[in-house]
Amino acid sequence: MKEYDIFKRTTLVKQITENADWDVIVIGGGATGLGVALDSATRGFKTLLLEQVDFAKGTSSRSTKLLHGGVRYLAQGNIDLVKEALHERGLLLKNASHLVSNMSFIIPNYSWWETFKFTIGLKVYDALAGKLSFGKSIRINKQETLLRLSTLKNRNLKGGVVYHDGQFDDSRLAVNIAQTAIEYGATVLNHFKVKNLTKNKRGIVNGVLAEDVETNITYALNAKVVINATGVFTDEILKMDNSKSKNIVRPSQGIHLVLDSSFLPGKDAIMIPKTNDGRVLFLVPWHNKVVVGTTDTLLNSHSLEPKALDKEVDFIINTANDYLTKKVSREDVDSIFAGLRPLAAPKDKSEKTKEISRSHKIIVSNSGLITITGGKWTTYRRMAQDTINKAIAIGKLHKAPCKTKKIKIHGATDSNDKTQHQYIYGSDQNGLQSLIKANPELGEKVHMRLPYTKAEIVWAIRNEMARTVEDVLARRVRMLFLDARATLEIIPMVARIVANELGKDALWEQQQIEEFTKIANQYVL
């Protein structure tokens with residue numbers, strides 16, 4: 001089998017038509033589910049992951065693009081969570097070096113007390129990182145702060161504190177984890193929806209009924225253990241198990257605005273430690289843009305495409321304008337995206353979302369269904385380790401040690417020049433260049449405002465399991481998240497390429513244009 005044939009849908013679907021019996025079935029293809037599939041496969045378990053739409057379609061593509069211990073969790077006294085996250089951050093820099101960068105953050109200080117407080121606090125943050133430190137925090141004076149943050153307001157500015165944290169491309173990492181899991185023997189399928197759980201006579205969950213969304217064929221698949229890793233959809237799977245089960249997850253919405261790099265022209269990110277409602281706000285350089293966020297709004301419902309609320313947009317713009325000399329207006333927003341965190345449902349109405357624990361929880365139902373919820377991108381590997389350990393502890397799987405601490409993620413490379421945009425492909429860059437060599441037309445840019453080429457569209461379909469225009473432009477090539485208006489302009493051209501690659505007809509192509517145009521319009525403010 002050729003190197004990339006293992007990622008072809010025909011190859012993957014064939015594996016479930018030929019195998020009904022699995023050790024582990026994972027429901028959900030976000031950070032958590034993909035991590036569990038990789039952990040399971042590398043321990044030698046026969047593993048199947050099913051995702052209803054696409055990898056990282058939900059929360060996992062809508063993060064602040066940070067891998068961090070969480071300075072604010074430190075302020076809340078949650079030392080264990082911070083220490084664990086800082087350790088995992090260090091492992092990710094080693095294992096996914098093509099996607100993870102060491103970024104410097106500056107906290108601007110407007111009082112001497114702030115300077116003292118953050119200097120001391122961040123020394124604790126440094127110490128908790130231990131051997132996997134990203135660099136020491138330092139205090140800088142007013143002049144250097146303004147030199148590094150040229151658009152920062154200088155009135156009453158006393159100086160700044162610089163600290164280091166991780167930055168990454170979330171959905172690219174998700175796709176690469178899916179590829180890594182497949183390389184270690186897992187079967188990983190997107191656009192495959194679990195319709196129900198199956199049980200034996202004793203009421204123990206022993207598999208799933210799942211539908212291939214592309215063909216509408218339903219498969220009965222058996223497993224020693226089924227793992228629910230569906231984020232904000234957790235309760236829907238729990239209700240398949242027990243229709244009377246109470247909701248354990250409450251979605252909290254976080255939105256981000258994406259601005260032109262002229263609003264923050266340097267290489268440093270800004271961390272605003274306390275906004276007027278007590279949250280933190282980040283302004284982070286990302287793919288030659290600036291990501292600004294986030295909010296924390298408890299919602300009563302969830303959807304695949306959550307919408308930003310006007311009050312959230314106003315909060316981010318107003319807070320940014322409190323600190324920047326270059327005024328941000330709604331017209332300056334290149335893209336807006338909203339994601340939903342799967343928080344533990346609050347015990348009472350007084351509990352604020354910023355105080356609800358971000359640490360993960362593993363729940364074993366009476367039926368033997370295992371649910372993993374909570375957590376964050378940074379700790380995805382540890383969450384997966386704990387989940388498979390739990391399956392072993394309750395006797396569902398035989399003992400086997402976790403191996404993911406030293407597993408390199410697909411694309412990881414030691415020699416990676418991050419000055420050109422294709423660095424995110426890591427060791428796959430040569431494959432992209434081969435496509436262009438074979439067909440020079442694929443070297444053409446898809447839009448004059450962004451660096452992406454037609455080769456990246458073709459690569460996403462052939463080698464990264466993209467099945468729709470949205471899969472390509474939202475989560476493989478990040479155009480939707482960087483420039484929504486430019487994305488709207490190229491949808492017909494990309495739909496043509498995708499249809500050609502997948503052998504689809506004109507009707508399918510037109511449906512893709514209509515469906516994705518509707519979604520992309522939501523990313524325009």
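## Surface and burial

In this predicted model, the protein chain exposes about 21,600 Å², of which carbon and sulfur atoms supply 51%; accessible areas come from the Shrake-Rupley method with a 1.4 Å probe, and for residues only the protein chains shown count as cover. Buried residues, meaning those under 20% relative accessible area (1.4 Å probe, protein chains only), make up 60% of the 525 residues in the protein chain.

## Overall fold

The protein chain has 16 helices and 18 strands, which are DSSP runs (helices H or I, at least four residues; strands E, at least two) numbered from the N terminus. The radius of gyration of the protein chain is 23 Å, close to the 24 Å given by the globule rule for 525 residues, so the chain is as compact as a globular protein of that length; the radius is taken over C-alpha atoms, and the rule is 2.2 Å times the number of residues to the power 0.38.

## Threonine 119

Threonine 119 lies in helix α5 (residues 112-129), and a polar atom of its side chain is 2.5 Å from the backbone oxygen of threonine 115. Apart from neighbours within four places in sequence, threonine 119 is in contact with Arg139 and Val161, where contact means heavy atoms within 4.5 Å.

## Confidence and conventions

The mean pLDDT (the predictor's confidence in each residue, from 0 to 100) of the protein chain is 95, and 97% of its residues reach 70 or more.

Residues are numbered from 1 along each chain as its sequence is written, and side-chain values use heavy atoms, with hydrogens and water left out. Because the model is predicted, local features need pLDDT of at least 70 and side-chain atom pairs count only at pLDDT 80 or more, while totals for chains, interfaces and linings use all residues.

Note on methods: A polar contact is a pair of N or O atoms within 3.5 Å; within protein, one must be able to donate a hydrogen and the other to accept it, and residues adjacent in sequence count only if both atoms are side-chain atoms. Buried means under 20% relative accessible area, exposed over 50%, partly exposed in between (1.4 Å probe, protein chains only).
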